[in-house]
Amino acid sequence: MIVRFGFVAMSLTLENASPSRTMTYKSFAKLNDREAGIRKLERLAEENLANTLRILRHCRASDVQMYRFSSKLIPLATHGALADWNPFEALTPSFRELGDFVKRNRMRVSFHPDHFCVFSTPREEVLAGSIIDLDSHVRMLEAMELDEATKCNIHMGGAYGDKETSRERFVRQFGALEPRCLHRVTLENDDKTFNVAETLAAAEQVGVPMVLDIHHHAVNPGGISEDELCGEQWPRIVQTWQRERERLGMSSVQELPPKIHASSPKSVTDPRGHADFVEPLPLLRFLRQAAPATEYLDCMLEAKSKDEALFKLMDELGKLEKQGKGVRVIDGASIEIVI
């Protein structure tokens, strides 16, 4: 199995390359000239997009083919007081430049909308905000001219005192989305509420792929053993990606491999928190068990040290290769699991 690694949003290697510069609405509201304030927001967004392109070039130079965009590329993009502002009139050329780079270099990119994008909610105003937030992310992908293979990853949301009712509400409310948004989504198991089996059942029901977070599973296993995860749940997760490739007319798993998230616990007292780096042996143990189900796999690292964590992991995997641990380093950000 070939495994590619990626990182999230920020680069700690590059200097002055934040893709998330922002402005609070309080600061915006203090400006006397609203139009000048909007121009300032657009300049901040242009800087974020330019820095994102710098990070993508850094990825290419480092063999990194996976990257998650910051959700803060456009400051105040979904604020209700700015609902009449269309930032894409000014920003589309820069978004298109990002998309051209991604397509030219065959990179896999994604978004992960923030925790307030919740489709299990019983509150109409929260659901309306979630739809706006997801639509904003989809509009950015559309402005990049990236097709539906490029996804936004979300969690199902809260249980609100009745998990089964919330699950049914998620399926109903998420399933009611217009296709241009629904087909842009992957579902991920979370670390407190909806475990792997529950998330997988919902993903199958609404017809979208599932992203397995192995750290979340470790702290919220839902009674699912490691053997059951790899032997029963994982092959079904792989099938959600197979169905998506068929929907998109793809013939090879290499065109859209299954995707997982990996991170390590911050500490014994904070097992849900993400550590700066990723421990290689637990990850490698899962990859060995997952390998029989698919030839290709993409792994997004959610470590606090971002690209530095990826490079450190690759160094450690190189040492394990020399020790004959069943791994072969292919390049700066991908490996082969040797079964």
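Is Asp63 buried, partly exposed or exposed? Asp63 has 35% relative accessibility and therefore counts as partly exposed. The structure is a predicted model.

## Backbone: positive phi

Asp63 sits in the loop that joins α2 to β2 (66-68). Its phi is near 70 degrees, a positive value in a residue other than glycine. Most residues other than glycine have a negative phi.

Lys306 also has a positive phi, near 50 degrees, and is not a glycine. Lys306 belongs to helix α11 (residues 306-322).

## Packing of α2 and α3

Two packed helices are described by the angle between their axes and the distance between the axes. For helix α2 (residues 34-61) and helix α3 (residues 88-104), the axes come within 10 Å and cross at roughly 10 degrees. Angles under 35 degrees count as roughly parallel, and α2 and α3 are therefore roughly parallel to each other.

On the α2 side, the contact is made by Glu42, Ala45, Glu46, Leu49, Thr52, Leu53, Leu56, Arg57 and Arg60. These meet Ala90, Leu91, Ser94, Phe95, Glu97, Leu98, Phe101 and Val102 in α3. By class, the contact holds ten nonpolar, two polar and five charged residues.

For Cys117, the nearest cysteine sulfur is that of Cys152, 8.3 Å away, and Cys117 is in no disulfide. Cys117 counts as buried, at 4% relative accessibility.

Cys299 is likewise in no disulfide; the nearest cysteine sulfur, that of Cys230, is 13 Å away. With a relative accessible area of 0%, Cys299 is buried.

Methods. Residues numbered from 1 in each chain as written. Predicted model: local features only at pLDDT ≥ 70, side-chain atom pairs only at ≥ 80, totals over all residues. Heavy atoms only, no water. Axes fitted to C-alpha atoms, helices over the stretch in contact; angles between N-to-C directions. Helix = DSSP H or I, 4+ residues; strand = E, 2+ residues; numbered from the N terminus. Parallel < 35°, antiparallel > 145°, perpendicular 65-115°, else oblique. Contact = heavy atoms within 4.5 Å. Nonpolar A, V, L, I, M, F, W, Y, C, P; charged D, E, K, R; others polar. Disulfide = S-S within 2.5 Å. Buried < 20%, exposed > 50% of the residue type's maximum accessible area, 1.4 Å probe, protein only.
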